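Subject: Structure for you to look at

Hello,

Here is the structure for your files.

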Amino acid sequence: MSRLTDEEFLVIQEFIDRSRAELDRRGFTIEIDSDLSKWVHLMRRIPGNLDIASTHDPSKTYIHPANAFWVIIRERDQKLMARLMRREPTIVACLCYRIVETDNIAEEIRTQRLFFDRKPILDFHPVELVEPDKLPVIGGKVGLAGGFWVHPKLRGSKLTNIVARVTRMLAVRHYGIDWHVSLVRDSPRRKAMIHNTYDISDSVSITRGFYPPYGRPYDMQMSYMHRDEMMRRIKQDNLEAAEEKALETSEKQEALPAPDEQEALPMPEEKRRLVN
């Protein structure tokens, strides 16, 4: 894959700046951390029986700052007591990301290397792939998203879309990924979520039966997007945002009275008294 051009770097930065401004407008901050053990700790503290995917768990896979990071969204405003006690602002969303260099990501899944690669495993059975001959060959530097969590009060909001796209573009810029993929349950609801919320058009059924990361049967699908498509979409997003801003500016200018109309406006009473 060719390196990013200066223009592409600027396109990505423009997109990230707009996204940060939108988060700020909604009262959120964004930060990046390369220690995914903190994400594991957070997931274990959240109420409910949450699955912690081994794909992004440093105790199960070889994850380090050179190949992984996670994005953290916090509430900007805190209650007085929280500020006095110097507590960190509440985390309301997070997403993990990992880079895998491979000839074919499907082979990493089949051999379980994607799930457990810190050391050889004794109890091994190949993962059953769905029609492996028909799967797309996705290789090179492959970015794998996972561990997405959003606070229940914010689910269904645009926050999920912002976090997913910003994370992808950070991976494109910092790691030079060729592909983005994610693995989720194979269901119509999840497929719709991938397309509508995460803004990914392509997905395919990938595994059937026992799914090693969770230790039980799960049918999974893989969504995927090439870097060229990611760049094309944010360029279009930037263009539409610029056009919308230009339209708003034009409408505001049209709403202002013309110079001769301004002169014809009656002088306010207080100003007339001062003049007299």
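Predicted model: local features only at pLDDT ≥ 70, side-chain atom pairs only at ≥ 80, totals over all residues.

Residues are numbered from 1 along each chain as its sequence is written, and side-chain values use heavy atoms, leaving out hydrogens and water.

Helix 1 (residues 6-25) packs against helix 5 (residues 159-175) at an angle of about 150°, the axes being 10 Å apart. Helices here are DSSP runs of H or I with at least four residues, and strands are E runs of at least two, numbered from the N terminus. Axes are lines fitted to C-alpha atoms over the stretch in contact, and angles run from 0 to 180 degrees between N-to-C directions. The angle makes the two helices roughly antiparallel, a term for angles over 145 degrees.

In this contact (heavy atoms within 4.5 Å), the residues of helix 1 include Phe9, Ile12 and Leu23, and those of helix 5 include Leu159, Met169 and Val172.

The largest nonpolar core has 37 residues. Such a core is a set of buried Ala, Val, Leu, Ile, Met, Phe, Trp, Tyr and Cys residues joined through side-chain atoms within 4.5 Å, with buried meaning under 20% relative accessible area (1.4 Å probe, protein chains only). Helix 5 gives this core its largest share, 10 residues. Among the residues with the most contacts inside the core is Ile73, which touches Leu23, Phe28 and Leu159, among others. A second, separate core of 21 residues includes Leu114 and Tyr211.

Regards

Methods: Parallel < 35°, antiparallel > 145°, perpendicular 65-115°, else oblique. Buried < 20%, exposed > 50% of the residue type's maximum accessible area, 1.4 Å probe, protein only. Lists of a residue's contacts leave out its neighbours within four places in sequence.
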